[in-house]
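The sequence and structure come first.

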Amino acid sequence: MNATLSPWQIRLEAPGDAARIEALNADSFGPGRFAKSAYRLREGVSPIAALSFVAVEGDVLRGSVRFWPVKVGGHEELLLGPLAVQSDQRGRGIGIALMQAGIAAAQQGPWRGILLIGDEPYYTKVGFSRLPPGRVRFPGPVDQNRILGLSLKAGELLNLSGEVRRGAIEDPVCASGAGVG
Ligand SMILES: CC(C)(COP(=O)(O)OP(=O)(O)OC[C@H]1O[C@@H](n2cnc3c(N)ncnc32)[C@H](O)[C@@H]1OP(=O)(O)O)[C@@H](O)C(=O)NCCC(=O)NCCS
């Protein structure tokens, strides 16, 4: 779906969106989300503001995507997620449009690639593909079939390998585990 022809619009996340995004993620992923490997990589680290987009329809926040900085084999790369769309608004192209906005913005930056943990049939729609098993290692147990990657450099294969670790830690209280979740 073409966002310019849609009743909803994609724009950068603003500070005033945070509470509604947290409510959307709570509805979409439930309380178990904090135990997931991807959340461990986000603890104490802020999402990248220039890559965080929301979908809005009038005053209503329909969806959100954020990207986090991670280190993969020592290099700064990106982790996509959470991506969430209001449950009664799914199937309208909002999720794809949110990711396309984030990927286009990420292509302007220094990163080589984006990683995520998710359903391959969905993320294939925006160019992700499964990484060879064992190529990158997330903290905690992760289904290898759900580790997907996307190269941000035209014509280059995604060549990330190694341990996936948190990016720059900004909040040492959260980073030590207290106050999260
Ligand atoms: C996953 C999610 C973001 C998709 O948002 P959406 O706005 O409904 O997605 P879009 O409308 O852009 O895309 C819909 C298409 O993707 C397909 N699709 C959606 N989820 C899929 C999945 N898990 N696996 C395969 N295909 C999927 C739909 O069948 C549809 O296909 P079609 O265009 O051929 O009919 C939304 O369902 C959601 O918020 N889910 C709960 C949170 C979640 O699981 N997030 C992803 C993990 S980070």
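This is a predicted model: local features need pLDDT of at least 70, side-chain atom pairs count only at pLDDT 80 or more; totals for chains, interfaces and linings use all residues.

## Hairpins and strand pairing

Strand 2 and strand 3 form a hairpin with 2 residues between them, and Gly 58 in the turn has a positive phi of about 60°. Strands here are DSSP runs of E with at least two residues, helices are runs of H or I with at least four residues, and both are numbered from the N terminus. Two strands pair if DSSP finds at least two bridges between them.

Residues are numbered from 1 along each chain as its sequence is written, and side-chain values use heavy atoms, with hydrogens and water left out.

## Strand 3 and its other partners

Strand 3 and strand 4 are antiparallel and joined by 9 bridges, with Trp 68 paired to Leu 79 in strand 4. Their hairpin also has 2 residues between the strands, and Gly 73 takes a positive phi near 55° there. Strand 9 (residues 162-166) is joined to strand 3 by 3 bridges, again antiparallel; Lys 71 has Arg 165 as its bridge partner in strand 9.

Of the 13 residues of strand 3 (residues 60-72), 11 are buried, so the strand is largely enclosed by the rest of the structure. Buried means under 20% relative accessible area, exposed over 50%, and partly exposed in between (1.4 Å probe, protein chains only).

## Aromatic contacts

Rings of Phe, Tyr and Trp (its six-membered ring) pair if their centres lie within 6.5 Å; planes under 30 degrees apart count as stacked, over 60 as edge-to-face and the rest as tilted. The count comes to 2 aromatic pairs. Tyr 122 and Tyr 123 are edge-to-face, at 5.1 Å centre to centre with 75° between the planes. Tyr 123 and Phe 128 are also edge-to-face, at 6.1 Å and 80°. Tyr 122 is partly exposed at 28%, whereas Tyr 123 is buried at 12% and Phe 128 is buried at 2%.

## Largest pocket

A pocket is an open set of points on a 1 Å grid over the protein atoms alone, where a 1.4 Å probe fits, with protein on both sides within 12 Å along at least five of seven lines; lining residues have an atom within 4 Å of a point. The largest pocket is lined by 25 residues, and Tyr 123 is among those nearest its centre. Strand 4 gives the largest share of the lining, 6 residues.
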